[in-house]
Amino acid sequence: MPEGDTIFRTARALSRALTGKPIIGFRSTYPLLTRFNDDTPLAGQTVEQVESRGKWLLIHFSGGGTLATHMLMSGSWHIYRSGERWQQPRGNMRILLENSDYIAVGFRVPVAKMLRSQELARAARIPPPEIDVLSESFSAAEVLLRMMTCANEEVADVLLHQEVMAGVGNVFKSEVCFVTGVNPFCKVNSLENEKLMALIAAAQRLVAATVIEDSGDTIVTYRGRKRRTTHEADPGASLWVYGRAGEPCRRCGEGIRRRIQGPDARVTFWCALCQPMADGTEVEG
Ligand SMILES: [Zn+2]
């Protein structure tokens with residue numbers, strides 16, 4: 001599943017291609033989208049904003065509608081110049097938006113809906129900007145309140161709850177715990193508020209570091225990129241603990257542990273020496 005930083009990059013690229021320009025063509029294989037377009041044609045409307053909210057990508061139109069898409073495992077957005085050869089078969093196209101310069105194609109996007117503003121505000125599964133680690137409106141205080149409603153859950157699981165804090169995926173979950181020195185299997189209520197705030201700050205810092213402007217004003221289609229939370233030049237050596245089971249900790253040399261965690265059975269990596277349990281117990285890897 002794409003992490004929040006992937007969606008953020010996609011939103012940034014789409015924003016460059018679409019924002020402020022009138023739509024001249026719209027197509028979709030989804031009946032609900034084409035019906036919306038029949039009632040309220042998108043052609044002639046302007047794209048006002050493109051934003052990511054956690055794993056959702058939102059395209060806001062001047063007519064008041066918002067196209068909300070979620071990529072799940074399979075979906076991606078590409079941007080082409082008109083006449084440029086597509087990198088996926090035509091049959092994978094689900095949504096197409098065209099302006100005078102670009103064609104934005106949503107390939108195999110599994111979840112797509114058009115929402116009017118009241119519907120967007122009520123859409124419980126789309127996180128508000130205050131809890132999106134990459135949003136300018138991000139509020140650590142709001143996230144802290146939401147974390148504290150999960151007092152009896154293990155902290156690494158809570159980092160994945162998109163309704164608590166949006167944008168941290170399974171890779172960053174382990175990395176955020178490591179850089180904060182927090183054991184991923186600690187219950188939220190075993191941690192001081194300052195420690196929870198440190199986790200939130202680390203989540204924001206690490207995810208933001210992966211989306212630092214690196215493409216100037218050019219339009220790029222996101223094609224995957226190594227995530228990086230250390231400062232090593234070698235991209236293969238770019239993460240502190242994720243994917244490094246049995247390898248020495250980059251800080252203390254202890255073997256990195258790996259364990260399946262939580263109701264969704266997601267893999268977690270940690271260093272038992274750098275990230276001790278608050279009560280001194282040991283979690284087996
Ligand atoms: Zn260590």
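Predicted model: local features only at pLDDT ≥ 70, side-chain atom pairs only at ≥ 80, totals over all residues.

Tutor: Residues are numbered from 1 along each chain as its sequence is written, and side-chain values use heavy atoms, with hydrogens and water left out.

Student: Why are helix 6 and helix 7 called oblique to each other?

Tutor: Helix 6 (residues 170–180) and helix 7 (residues 193–209) pack at about 125°, with axes 9 Å apart. Angles under 35 degrees count as roughly parallel, over 145 as roughly antiparallel, 65 to 115 as roughly perpendicular and the rest as oblique. Helix 6 and helix 7 are therefore oblique. The crossing of helix 6 over helix 7 is right-handed (the near helix is turned clockwise from the far one by less than a right angle).

Student: Which residues make that contact of helix 6 with helix 7?

Tutor: Helix 6 contributes F172, E175, V176, C177, V179 and T180, and helix 7 contributes K195, A198, L199, A202, A203, R205, L206 and V207; contact means heavy atoms within 4.5 Å. By class there are 10 nonpolar, 1 polar and 3 charged residues. Ala, Val, Leu, Ile, Met, Phe, Trp, Tyr, Cys and Pro count as nonpolar, Asp, Glu, Lys and Arg as charged, and the others, Gly among them, as polar.

Student: What makes helix 4 and helix 7 oblique?

Tutor: Helix 4 (residues 140–148) and helix 7 pack at about 120°, with axes 10 Å apart. They are therefore oblique to each other. A140, A141, V143, L144, M147 and M148 of helix 4 meet N193, L196, M197 and I200 of helix 7. That contact of helix 4 with helix 7 has 9 nonpolar, 1 polar and no charged residues.

Student: Why is the site of the zinc ion called tetrahedral?

Tutor: C249, C252, C271 and C274 coordinate the zinc ion through their SG atoms at 2.2 to 2.3 Å; donors are N, O and S atoms within 2.8 Å of the metal (3.2 Å for Na, K and Ca). Four donors count as tetrahedral if all angles lie between 85 and 135 degrees. The angles among the 4 donor atoms are 100 to 114°, and the site is tetrahedral. The donor residues are spaced C-x2-C-x18-C-x2-C.

Student: Where does R251 lie, and which residues does R251 touch?

Tutor: R251 is in the loop between helix 7 and strand 9 (257–261). Not counting residues up to four places away in sequence, R251 touches F178, V179, W240 and C274.

Notes: Axes fitted to C-alpha atoms, helices over the stretch in contact; angles between N-to-C directions. Helix = DSSP H or I, 4+ residues; strand = E, 2+ residues; numbered from the N terminus. Tetrahedral: all angles 85-135°; square planar, octahedral: opposite > 155°, others 65-115°.
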